[in-house]
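Open the model in your viewer and keep the sequence panel beside it. This tour says what to select at each stop and what is there.

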Amino acid sequence: MNISLHAIGRMSAGPEADLLETYRKRLPWSFTVHEYEIKRPHSNTQTRMEQEAERLLSAIPNGAAIIALDERGKTLPSRKFSDTLHAFQADNIRSIAFIIG
């Protein structure tokens with residue numbers, strides 16, 4: 001399975017980057033991080049969010065399952081998240097793309 005993380009903005013060096021690297025090394029699958037910047041973000045919040053969504057979705061591999069990470073989204077317990085990943089494997093989904101806008 002190939003896992004990719006697609007995010008708007010750049011992660012700074014620090015504890016979060018270190019934690020990401022620690023967990024990346026533990027994964028038995030391929031894991032890549034892709035960071036994007038919008039060169040001229042629109043001042044209107046809705047338009048900026050649409051620009052970000054367009055950029056992220058255009059980078060997702062064909063056929064990948066998409067998991068959007070959003071602070072307002074549904075929280076899954078670890079077991080349920082694990083079950084979701086296993087279901088993707090059982091459905092022969094070879095790529096999972098996590099997106100952060």
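**Stop 1: the largest core**

Select Ile3, Leu5, Phe31, Ala65, Ile67, Leu85, Phe88, Ile96 and Phe98: these nine residues form the largest nonpolar core. A nonpolar core here is a set of buried Ala, Val, Leu, Ile, Met, Phe, Trp, Tyr and Cys residues joined through side-chain atoms within 4.5 Å. Buried means under 20% relative accessible area, exposed over 50%, and partly exposed in between, with a 1.4 Å probe and protein chains only. Color by element next: strand 1 (2-8), strand 3 (65-68), helix 3 and strand 4 (95-100) each give two or more residues to this core. Helices (H or I, at least four residues) and strands (E, at least two) are DSSP runs, numbered from the N terminus. Apart from this core lies another, of six residues, including Tyr36, Leu56, Ala97 and Ile99. In soluble globular proteins, nonpolar side chains tend to be buried together.

The model is predicted: local features need pLDDT of at least 70 and side-chain atom pairs count only at pLDDT 80 or more, while totals for chains, interfaces and linings use all residues. Residues are numbered from 1 along each chain as its sequence is written, and side-chain values use heavy atoms, with hydrogens and water left out.

Now pick phenylalanine 31. Which residues is it in contact with, leaving aside neighbours within four places in sequence? They are Ile3, Leu5, Leu20 and Arg24. Contact means heavy atoms within 4.5 Å.

**Stop 2: the whole chain**

Zoom out. The protein has three helices and four strands. Along the sequence, they follow the pattern β-α-β-α-β-α-β. Along the principal axes, the C-alpha atoms fill a box of roughly 40 × 30 × 25 Å. The protein has 101 residues, and 21% of them count as buried. Take the contacts between residues at least 6 apart in sequence: 77% of them join residues at least 24 apart.

The accessible area is about 7,500 Å², with 50% belonging to carbon and sulfur atoms. Such areas come from the Shrake-Rupley method with a 1.4 Å probe; for residues, only the protein chains shown count as cover.

Then show the charges. The mean positions of the 13 positive and 12 negative charges lie 4 Å apart. Lys and Arg count as positive, Asp and Glu as negative; His and the chain ends are not counted. Each charge is placed at NZ of Lys, CZ of Arg, CG of Asp or CD of Glu.

**Stop 3**

Select histidine 6, in strand 1. Is histidine 6 buried or exposed? Histidine 6 counts as buried because its relative accessibility is 2%. Beyond residues up to four places away in sequence, histidine 6 touches His34, Tyr36, Leu56, Ala59, Ile60, Pro61, Ala97, Phe98, Ile99 and Ile100. Draw a C-alpha distance from histidine 6 to serine 30: 14 Å, across 24 residues of sequence.

Move to serine 95, in strand 4. Serine 95 is buried, at 16% relative accessible area. Not counting residues up to four places away in sequence, serine 95 touches Asn2, Gly63, Ala64 and Ala65.

**Stop 4: helix 3 and what follows**

Select residues 78-90, the 13 residues of helix 3. The expected span is 1.5 Å times one less than the number of residues. That gives 18 Å, and the end C-alpha atoms are 18 Å apart, which agrees.

Within helix 3, pick alanine 87. Alanine 87 is partly exposed, with a relative accessible area of 34%. From alanine 87 to alanine 65 is 11 Å, C-alpha to C-alpha, and 22 residues in sequence.

Step on to asparagine 92, in the loop between helix 3 and strand 4. Asparagine 92 has a positive phi of about 65° although it is not a glycine. Most residues other than glycine have a negative phi.

**Stop 5: an exposed loop residue**

Finish at alanine 13, in the loop between strand 1 and helix 1 (15-26). Alanine 13 counts as exposed because its relative accessibility is 81%. Serine 78 is 27 Å from alanine 13, C-alpha to C-alpha, and 65 residues apart in sequence.
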